[in-house]
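User: Please take me through how some of the labels for this structure are reached.

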Amino acid sequence: MTPEHRGPVSRLGKALGLLVALLTVRRAARTRTAPPDASETQSDFDPRRRVVPANRRAETAVAALLALVALFGLGFTVVYVAFDADTQLLGIAIGGALCLLAAAAIVAGKLVVPQETAVEERGRLLDEAETDTVVEMIEAGGEGVSRRVLLIGAGGVAGAALVTAAATPLASLGPTLSRLHETPWARGTRLVDDQGRPYAADQIEIGSFYTALPEHSDPEAFGAGLLVVRLPASFLHLPAARRAWAPSGILAYSKICPHAGCAISLYRYPTYAPTSQQPAFTCPCHYSTFLPGEGGRVVFGPAGRSLPQLPLRIDADGNLRAAGPFREDIGPSWWGVHRAQS
Amino acid sequence: MRSLLVRWLTRRSRVPRILRATLALVLGTIAIVGLAAPSSRGETGAATTFGGRAPEPNPPTKSPEPPGADNPTKTFPDSAALRAQGFTLYQGSCSSCHGIAAQGIPGVAPSLRAVGAGPLDFYLSTGRMPLEQPREEPMRSPPAFTRAQIDALIAFVSAFGGPPAPTANPSAGDLALGFHEFTLNCAGCHQIVARGGITVDAQVPDLEQTTPQQIAEAVRMGPYLMPHFDSAQIDQHDLDSIARYIVWTRHPADSGGWGIYNIGPIPEGIVAWFIGLAALVIVARLIGERMDEPVPTPNPREADR
Amino acid sequence: MNAVERHVHRRFERAARAGDERLGAMGAIRWAMRYVFPDHWSFLLGEIALYSFMVLVGTGIFLTLYYVPGASQVIYHGSYPLLQGEQMSEAYRSVLDLSTTVPAGLLFRQVHHWAADVFIAAIVLHLMRVFFTGAYRKPRDLNYFIGLTMLMLAILEGFAGYSLVDDLLSGMGLAIAYSVAMSIPLIGGQLATLIWGGPFPGSGSFLPRLEIVHVLLIPVALAALMTIHLGIIMRQHHSQFPGPGRRERNVVGTPMWPAYALRSIGLLLAVSGVLFLLGGLVQINPIWQWGPYHPYLSENGAQPDWYIGWLIGALRLMPNWELVIGGRTIIPNPFWGGAAFPLLVFGVMFAWPAIERRFTRDVRRHDLLDRPRDRPIRTAIGAAFLSWVVIVFAVGSTDRIFYRLGISYTTQIHVWRVGVWVIPILVFLLTRSACRSLQRSGAHPLRAWQGEVVRRRPDGAVDVIVESPDRLEPGTTEPPVGTTSGREASD
């Protein structure tokens, strides 16, 4: 707005304001309630206003802020080039520049440019006449069509078939479900550590725990990780069918929690059992707790199945090998999961 | 209580009575089930140990692992005078649980006769022993004894036998190896940068104050519920590396700025809401109007009458 | 006007004319410039979310130029000493390199992650404002549904984004997501193996697919929905609080040009500024400290980002119920906390406008907002529902609470299993009485409605039952509910 245009508009604005103010004051006098904004009870209160701040100090502030923005913005490039792009300095430079520019825009938006309160009418949303006309137009498109039911029915069948056809390629994305029952562990697979060295039976100490992986197999497979521990007889209470699975008291369990698939990496073994707790595995995600001495039975937490146990044997070299595959599925439950028999 | 319930069920309101009665029934059932239903089929607390079976007298505890052949050990001062002093201290603070001759008391505390200097130094120098109640979890606290007194106690008790104390030298370790071994064996309980954690009904300490000597002792003995690791599983170089990594975690590589304790998304979420979003809400309040501001009249000066 | 101003004015006029000769858009531009926005600060919360999304897209473009969606294992020989010689996926290595060697790489990664956290937080705050002011009522229920859909997409998008990195923390989270997918009754096995391309950790195509979802599919969906969301607002005009001169039929506020545009731009700059300050100064997701993911590794205290925290709480809180019939696991345990709970929460939120209509029998169009205290029942129900979700969310931190305060983990779980049902009831009662006492106290009274409530007698004459008050009475924004005929007032 150029200076010569401001005059009449501002005069008009002042006149309008005076009119509203008079109405306001009249209303306030009548109701004897103090605040001038009691005028909203009057239906013809007009909230429109326009104030031109003409605030030189605010303008100076905006200019100063913009100058600082330039400084910080330049600082970003300087830091990038000369300070090895240090993350903290870069953040201060660009973040500071943006915040200062924000301040400039907000100061301008509230204190420099004209502040206006305007009123707009909301349009109608429901136009019944228009709606009726459109409905008639659509229906008129079917004028003269005699066998509507046949056509609609045929259209429905065609549509359903096409939707099914469109969805079918999704099946190409995935394999069959049988692989969910597979693990790399089979009869005779040797247990190795994450460097590939085989575990000898007599190196398994009571009170320690070991992570074992299948030799010559992908260690990233879900069923690969095992927890291996040795328990003394007083903690060993396996069901009769599994006694042979733990040669010399050495037990192997899947490391994957049957609740939600995290690796079980907590093992507690008491220094003095009578005043603390018995040996147990705990999963760090939702704290399902399993007893290795009792076939992986769940004693706390949300796991719905016990921890799968792998039968072990000691081979001629004294190394640990799987005596067979898992007798149940490892990992989280699903519709077709093979649960433990015993 | 019952009259309140009856009044709530019978008062007139838009929500039909049958709906309110059903709601009361459902909530009551949930409350009862939630309180009574065990979270599993077994025991949860620290006190029960054998799931209903009678505890054996003196069941096997885990003995501390020896430092390993040719591995460095820490020798503690030893003399007749020290042993005598240790004897006196022992009778005053330890014998009520561990027995007059360190033989242990069944159901109360284990024997100390074959533990060696490592566990003694660990428990005493971290203030975990003496323990007020045998069933409490031993927690790090200011030591009850001075260094000299601890040496005396060690001299007395380790005279009964046991392996020498292990030791660790962080500067001989390799940081990358330490990170690898710590992740595999320790992070499940102690958190990935050793900020501590929990297991079911035991707290796992952070490792911010533990010395390399204490690290070595803890790894080889497994204090309280911690498993222990012998030199076949974690050899001396691994141990030095783990100690070096743990020392590193006190000042980890926080190249992103303020580390907010390095435990991940919990402090991150707190910062996002209470610093990030809070700042932006303040900006919004600066930009917008507030309900309690007076409505601006067109010419405030003229209306102020 | 001096010479410089005259020159600028001429140039500007010429440009405007040149534009209009080609596009004929001046009418639309004029409409846009006069468009009125109501001024309340709480109406800016949605904008905070929108501007966070813009920052996400901008920084995301940078990140996508460096990220490699590769699951094949490589040995690291880069500049970060703790991971020398360590085996990791290509994806993890690409993000590690970005964070350690690319100049400004860590800055952009952290800004992106902070923006994601703030984006969803702003949406939630905006949702709370919409709920507690009744802005979801006709005609805005459509927009409300679009907003809820965007919230669901935003949560999925954030989870996908930080899972792309394949670090220890997010890998554990993906395993849990896999288990939740598997737990869906009947179809879970197929669904999970379809998404992952096989049993977890999936085939080599999983990460590239996840990247496409995160970089293209969901952002495009979000952008489209945002456009529709804003378009509907423009068509209906924004709602407003009652006040002097404010009626159901008008909008009172600041026109777009010049003040509102400047303030809006200021908000965009403030959002970007705060996010860049956070991204430079406060560390987030330091993946080099977590290390790479392997399925046989985990750590204590692993947590998802905050907007997934309600699900970890639900998974921890559930007793170990697993419905097994005839050897078939009908409902595996993670289904309850991981799928049923969030579906229930969103289901209730989607159904709420219809539920409220059913109970208040109010089918009118509403363009004036309620102050929360003027609808005590709605506010109390909303507060109770929110407290229910927040308690479940808080259960996700029970491990750190045990660690810090010594309250045993098992005790907390047992207490919260009851508390999660009891406390919302208490919150409901407290909130309802707080609303009512706020109303009675007359603090910050609303401006009164105007008019008369009449009853027509059989002989055609009209009785005036209630007149609009002279004095300002709290809670009397509109004539009592049910006194209008339920149809739109004629224009």
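Analyst: The accessible surface of chain C comes to about 20200 Å², and 68% of that surface belongs to carbon and sulfur atoms; such areas come from the Shrake-Rupley method with a 1.4 Å probe, and for residues only the protein chains shown count as cover. This is a predicted model, in which local features need pLDDT of at least 70 and side-chain atom pairs count only at pLDDT 80 or more, while totals for chains, interfaces and linings use all residues. Residues are numbered from 1 along each chain as its sequence is written, chains are lettered from A and ligands numbered from 1 in the order in which they are written, and side-chain values use heavy atoms, with hydrogens and water left out.

User: Why is A:Glu130 called partly exposed?

Analyst: Buried means under 20% relative accessible area and exposed over 50%, with partly exposed in between (1.4 Å probe, protein chains only). A:Glu130 has 48% relative accessibility, so the residue counts as partly exposed; its place is in helix H4 (residues 128-140) of chain A.

User: How do you know that B:Glu217 has no salt bridge?

Analyst: A salt bridge needs a side-chain nitrogen of Lys or Arg within 4 Å of a carboxyl oxygen of Asp or Glu. For B:Glu217, which is buried, the nearest side chain of opposite charge, B:Arg147, is 6.7 Å away.

User: What does B:Glu217 touch?

Analyst: With contact meaning heavy atoms within 4.5 Å, B:Glu217 touches B:Phe76, B:Gly118, B:Asp121, B:Phe122, B:Pro166 and B:Gly222, not counting residues up to four places away in sequence.

Definitions and conventions. Helix = DSSP H or I, 4+ residues; strand = E, 2+ residues; numbered from the N terminus. Lys, Arg positive; Asp, Glu negative; His and termini not counted.
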